[in-house]
Amino acid sequence: MSQTITPTKWTGVPTHYCPGCHHGIAHQMVARVLDDLGLAKDTLLASSIGCSGLGYYYIDFDSVESPHGRAPAVATGLKRARPDKTVFTYQGDGDLASIGMGEIMHAAMRGEKITVIFVNNAIYGMTGGQMAPTTMSGQVTSTTPLGRNPELTGYPAKIAEMVAAFDGCAFSSRVALNNIKHIKKAEKAVKKAFELQKENKGFTLVEFLSTCPSGWKLSPLQANDYIETNMIPNFPLGTFKDTEV
């Protein structure tokens, strides 16, 4: 676990996220890891659209606001122009796995030397709780009030497994943020992803299973339990690609 208490890049601005949302945990984790690796002062962020796109209020990295879904393409440009910098994207599932599916897959295929922080809460959180590409079979959303029917809308996208299939991918892992044990494992995965970028090994991705209490219509405690009982069985935790193993 990290030794840094307050990351140097943490702005101290109180987060606006809904009670029980895990974005704040994810922001601080990324900032702490970059501090511990000595990379924070030379890091660039390609931010996205949606709740995930507001992280620059709380983590003070030089940031480029990307069009919806295009953060991997923007990050590619940043890294190729400044290969001396650490470059990462911070994206939600609606952004990355829907309109941005092409960008993320081709970045992994090309082996772009960027790190992707992918926050998967299985729903469109900011725009009204609609079905997302990662919405689980049977999950109720504002556009699937009877639950997602795979015969009509297909099955949830498993991004960590998908990018792991590409030769250009150096590391792909899925973690969760709903309890301390999972958070400790998540931080180790984030650290590994940035270490491999530092070593120019290739594309790295960490997928966080995260809550959306407002979109799920659950309390924060119920949302944490929902990750354990519903999300993890559908999205197994683990490392799907690690070039150093």
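**Cores, pockets and cysteines**

Student: Does C169 count as buried or exposed?

Tutor: This is a predicted model, where local features need pLDDT of at least 70, side-chain atom pairs count only at pLDDT 80 or more, and totals for chains, interfaces and linings use all residues. Residues are numbered from 1 along each chain as its sequence is written, and side-chain values use heavy atoms, without hydrogens or water. Buried means under 20% relative accessible area, exposed over 50%, and partly exposed in between, with a 1.4 Å probe and protein chains only. C169 has 1% relative accessibility, so C169 counts as buried.

Student: Which residues touch the most other members of the largest nonpolar core?

Tutor: A nonpolar core is a set of buried Ala, Val, Leu, Ile, Met, Phe, Trp, Tyr and Cys residues joined through side-chain atoms within 4.5 Å. The largest one has 32 residues. Those touching the most other members are L34, F88, I117, V190, F194, V206 and F208.

Student: Which element gives the most to this core?

Tutor: Helices (H or I, at least four residues) and strands (E, at least two) are DSSP runs, numbered from the N terminus. Elements that each supply at least two residues include α1 (23-36), β3 (86-92) and α7 (180-198). The top contributor, with 7 residues, is α7.

Student: Beyond its neighbours within four places in sequence, which residues is V206 in contact with?

Tutor: Contact means heavy atoms within 4.5 Å. With those neighbours left aside, the list is V116, I117, F118, F171, S173, V175, A189, V190 and A193.

Student: What is the volume of the largest pocket?

Tutor: On a 1 Å grid over the protein atoms alone, a pocket is an open set of points where a 1.4 Å probe fits, with protein on both sides within 12 Å along at least five of seven lines; lining residues have an atom within 4 Å of a point. Points join across faces, edges and corners, and a volume is the space filled by probe spheres set on them. For the largest pocket, that gives about 390 Å³.

Student: Which lining residues are closest to the centre of the largest pocket?

Tutor: The lining has 25 residues. α3 gives the most, with 3 residues. Closest to the centre are C51, N121, Y124, G125 and M126.

Student: Which element supplies the largest share of the lining of the second largest pocket?

Tutor: This pocket has a volume of about 190 Å³. Its lining has 14 residues, with V140, T141, G215, W216 and K217 nearest the centre. The largest share, 3 residues, comes from α8.

Student: How many disulfides are there?

Tutor: A disulfide is a pair of cysteine sulfur atoms within 2.5 Å. By this rule, the count is 0.

Student: How far from C21 is the nearest cysteine sulfur?

Tutor: C21 is in no disulfide. The nearest cysteine sulfur belongs to C51, at 6.5 Å.
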